[in-house]
Each structure stands twice: as structure tokens, then as C-alpha cells.
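Student: I have a model open and want to go through a few of its elements. Can we start at the end of a helix?
Tutor: Fine, here it is.

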Amino acid sequence: SDVCSSDLDGYDVFVNDNLDTIKERFLGFDCDVLVAAEKICWPDKSLESKFTGNTPYKYPNSGCYIGYKWAIKELIGGKIEDGADDQLHLQHRILKSYEDKSVNVKLDEENYLFQCVAGASDKLRLHNNAQLLNIETMTCPCILHGNGGPDDKAVFRSIFNRFNPEITLVPFTDRITEVIPDILTGNFFTREQCQSLIQLAESNGNWKSLDYD
């Protein structure tokens with residue numbers, strides 16, 4: 001029950017610090033679950049008044065969180081219905097935890113561990129020592145979440161390429177198909193990597209469908 005676990009959006013997040021630092025910063029909050037925070041209350045603005053904080057970053061973002069396994073399971077609760085919004089679900093679960101005290105949840109309002117780009121792209125700076133700085137909260141977050149609109153995404157891409165000059169983010173080409181907004185298909189693994197994953201799965205219980213899908 002004392003094991004830490006975390007969740008990060010897979011396609012627009014990168015980690016800019018080591019695991020020991022991330023764990024140390026989380027433990028410094030003295031909470032069960034720490035959730036990333038942003039300036040925008042999305043997708044339901046009517047919840048704005050229910051979240052109060054000491055900085056403009058006071059609204060939960062479900063793209064990044066860290067906590068103890070038991071606490072994350074308790075916080076997230078049951079399954080999310082098909083078509084439901086995961087961020088809205090998490091926001092309601094956080095508000096519930098504030099009332100029943102079932103989980104000690106805190107938001108990273110000073111961007112000490114997580115930094116959401118949405119609404120904050122003009123506050124982000126890069127140092128030569130590869131540190132990311134938020135000049136509004138004067139903190140150097142460990143994890144950057146590139147959410148937001150086109151301008152925010154553009155800042156995230158220029159920062160990503162600065163830290164990873166050997167990696168070029170793939171633009172929309174004939175090799176990539178946009179199924180729906182933010183969902184893309186393309187050649188992500190080589191044929192050999194795919195075969196290796198298949199062999200690993202088959203030797204550990206084989207493939208199966210999700211019971212709730």
C-alpha cells in the first residue's frame with residue numbers, strides 16, 4: 001500500500017528529471033495523490049468556484065498525477081462510461097474526496113512537479129542547463145504536459161525539440177491518418193518490434209479483449 005504509482009498522458013508529455021527527484025518532490029507534499037493543475041477549468045466551467053487556490057493554477061488536469069496505489073484506485077473509483085470525459089470524472093472524484101476525506105488529494109498549484117502548457121505557454125522559459133522554468137510561479141517542474149490549443153502545442157514542440165534535438169516530431173503526412181481529433185494512426189513500431197511484443201504477450205497469458213469494452 002506504500003508503493004507510489006503515476007499516470008502520464010502518453011503522446012504529449014515528457015519527463016525532464018530523474019525518478020528520485022520526482023519521488024522526493026511528491027513525498028514533500030505529504031498527500032495521498034498529487035494531481036497536475038492548470039489555469040483553465042475544462043470541460044465544465046461551472047465547477048470553477050469549487051476549486052480555490054493560491055495561484056492561477058488551481059484546476060485539476062487528469063493528464064498527470066502521482067500517488068499511492070490504493071489512493072489512486074480509491075480516487076478514480078469505478079469504470080468511466082464510454083464517451084465520458086476522464087478529466088471531468090477526475091474533477092468530480094476530487095471534489096468528492098474533499099467532502100468525505102477518503103483520499104488526501106492535493107493539486108500541484110505551483111507547478112513544482114507537473115507543468116501543464118495550456119494557458120501558460122508565455123510563462124515558460126528554458127535554461128542552458130536544460131531546466132524548464134515557470135516565471136510566474138518561479139518553479140522548475142520535472143514533467144511537462146503539452147496540452148492546450150495550437151499556440152500552446154507550438155511551444156511544447158519547440159521545447160521538446162530543444163531537449164531532444166535528435167528527435168523530430170512527425171508532421172501530418174501521407175503516412176499518418178487522423179482518425180478523430182488527437183487520435184492518429186501510423187507506423188509506430190517496426191515489424192520486428194511488433195513481433196517481439198506479440199511473443200511477450202503470448203508467453204504471459206496471450207491477448208484478450210477488455211471485459212468492460
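Tutor: This is a predicted model. D85 caps the N-terminal end of helix 3, with a side-chain oxygen 2.9 Å from the backbone nitrogen of Q87.

Student: What follows helix 3 at the other end?
Tutor: K101 does, and its phi is positive, near 60 degrees.

Student: How far apart are the end C-alpha atoms of helix 3, and what span should its 15 residues have?
Tutor: The end C-alpha atoms are 21 Å apart. Helix 3 covers residues 86–100, and at 1.5 Å a residue it should span 21 Å, so the two values agree.

Student: Which residues of helix 3 are buried?
Tutor: Q87, H89, L90, Q91, I94, L95 and S97 are buried.

Student: Which strands does strand 3 pair with, and in what sense?
Tutor: With strand 4 (residues 59–68) strand 3 pairs in the antiparallel sense over six bridges. With strand 5 (residues 105–108) the pairing is parallel, over four bridges.

Student: Which residue stands opposite A37 in strand 4?
Tutor: P60 does.

Student: And the bridge partner of V35 in strand 5?
Tutor: That is L107.

Definitions and conventions: Residues numbered from 1 in each chain as written. Predicted model: local features only at pLDDT ≥ 70, side-chain atom pairs only at ≥ 80, totals over all residues. Heavy atoms only, no water. Pairing = 2+ DSSP bridges. Helix = DSSP H or I, 4+ residues; strand = E, 2+ residues; numbered from the N terminus. Expected span 1.5 Å × (residues − 1). Buried < 20%, exposed > 50% of the residue type's maximum accessible area, 1.4 Å probe, protein only. Polar contact = N/O pair within 3.5 Å; in protein donor to acceptor, adjacent residues only side chain to side chain.
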